[in-house]
Amino acid sequence: MTNANQNTVVLVEQLIAGEEKAFILVMDKYHQKLLMYAYGLSNDYPQASRYSANVFLRLWERRQNINIRESFQGLLYKSVYNEFIDNIRKNKPTTSLDEAYWNAVNIAVDDTNSQLLEDKIRLIKRKWSIYPQKCQAGFLLSKQDGLTNIEIAEYLNISIKTVEYQLPMPYNIIRKGREVKIKKLVFDVPLYG
């Protein structure tokens, strides 16, 4: 187990024990990442802020139910995704076409579907070259290495504002690809039968 993983396990154990300092550290470490992910899903900053705030509120309320053996970061991301889907379901239209559309959305955004994940990776690789090299490097440092925006800015010797501006850019590829995939799924899904 790496030091980073060990530190996360200790932090989660402290959170489960009800230590407020651990909760504050968790919020500091994951708030920006979850906010960016929520914004990538909703394309609505105020809504994304509500999603991430709700996730942290529920995390504190349900901290004793956290399973240490699962990926803690994965739990947080899945919680944001569930907030997003719950919001969609609350405002869910009732027509058959709309129902088919939202079923397709659920299929298209499910990261556990390996074919869709492979499609996303191919899409990013195909469109990747349009982004500046430091944007590409920042995205990889964030997603592969789990660095914070401040750490990325220091590592790449760029401003934090540049990181905050460029980090969501690759998500636009995924979002646009998702929209195409959703349209294809909706219009290829038979409505009756």
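## A loop residue to start with

Asn-157 sits in the loop between α8 and α9. Helices here are DSSP runs of H or I with at least four residues, strands are runs of E with at least two, and both are numbered from the N terminus. Please keep in mind that this is a predicted model, in which local features need pLDDT of at least 70, side-chain atom pairs count only at pLDDT 80 or more, and totals for chains, interfaces and linings use all residues. Residues are numbered from 1 along each chain as its sequence is written, and side-chain values use heavy atoms, with hydrogens and water left out.

The backbone of Asn-157 has a positive phi of about 55°, although the residue is not a glycine. Most residues other than glycine have a negative phi. Asn-157 counts as exposed because its relative accessibility is 68%; the classes are buried (under 20% relative accessible area), exposed (over 50%) and partly exposed (in between), using a 1.4 Å probe and protein chains only.

Asn-43 is another residue to look at for its backbone: its phi is near 55°, again positive in a residue other than glycine. You will find Asn-43 in the loop between α2 and α3, and it is partly exposed, with a relative accessible area of 45%.

## The chain as a whole

The protein chain has 10 helices and zero strands. Of its 193 residues, 37% count as buried. Among contacts with a separation of 6 or more, 63% join residues 24 or more positions apart, where contact means heavy atoms within 4.5 Å.

The chain exposes about 12200 Å², of which carbon and sulfur atoms supply 53%. These areas come from the Shrake-Rupley method with a 1.4 Å probe, and for residues only the protein chains shown count as cover.

## Two nonpolar cores

A nonpolar core is a set of buried Ala, Val, Leu, Ile, Met, Phe, Trp, Tyr and Cys residues joined through side-chain atoms within 4.5 Å. The largest one holds 26 residues, and those touching the most other members are Leu-15, Val-26, Leu-34, Leu-59 and Phe-72. At least two core residues come from each of α1 (3-16), α2 (20-42), α3 (45-61) and α4 (72-90), with α2 giving the largest share, nine residues.

Setting aside neighbours within four places in sequence, Leu-59 contacts Leu-15, Phe-23, Val-26, Ile-66, Phe-72 and Leu-76. A second, separate core has six residues, including Ile-152, Ala-153, Leu-156 and Ile-158.

The model has one cavity of 30 Å³ or more. Rolling a probe the size of a water molecule over the atoms shows where empty space is left. The search uses a 1 Å grid over the protein atoms alone: a cavity is a set of points where a 1.4 Å probe fits but cannot get out, and lining residues have an atom within 4 Å of a point. Grid points are joined across faces, edges and corners, and the volume is the space filled by probe spheres set on the points.

Two or more lining residues come from each of α7, α8 (149-156) and α9, and α7 gives the largest share, three residues.

Lys-134 belongs to helix α7 (residues 133-143) and counts as partly exposed because its relative accessibility is 40%. Beyond residues up to four places away in sequence, Lys-134 touches Leu-156, Asn-157, Ile-158 and Gln-166.

## Salt bridges and a buried glutamine

Side chains of opposite charge can pair when their charged atoms come close. Counting a side-chain nitrogen of Lys or Arg within 4 Å of a carboxyl oxygen of Asp or Glu as a salt bridge, there are two. In one, Glu-83 pairs with Arg-58, the closest N and O atoms being 2.0 Å apart; Glu-83 in helix α4 and Arg-58 in helix α3 are 25 residues apart, so the pair links distant parts of the chain. Glu-83 is buried at 11% relative accessible area, whereas Arg-58 is partly exposed at 34%.

Glu-164 and Lys-161 form a salt bridge at 3.9 Å, N to O. Both lie in helix α9 (residues 160-166), three residues apart, about one turn of the helix. Finally, Gln-47 in helix α3 is buried, with a relative accessible area of 15%, and touches Ser-42 and Asn-87, not counting residues up to four places away in sequence.

Technical notes:
1 Å grid on protein atoms, 1.4 Å probe; cavity = no way out; pocket = protein on both sides within 12 Å on 5 of 7 lines; lining within 4 Å.
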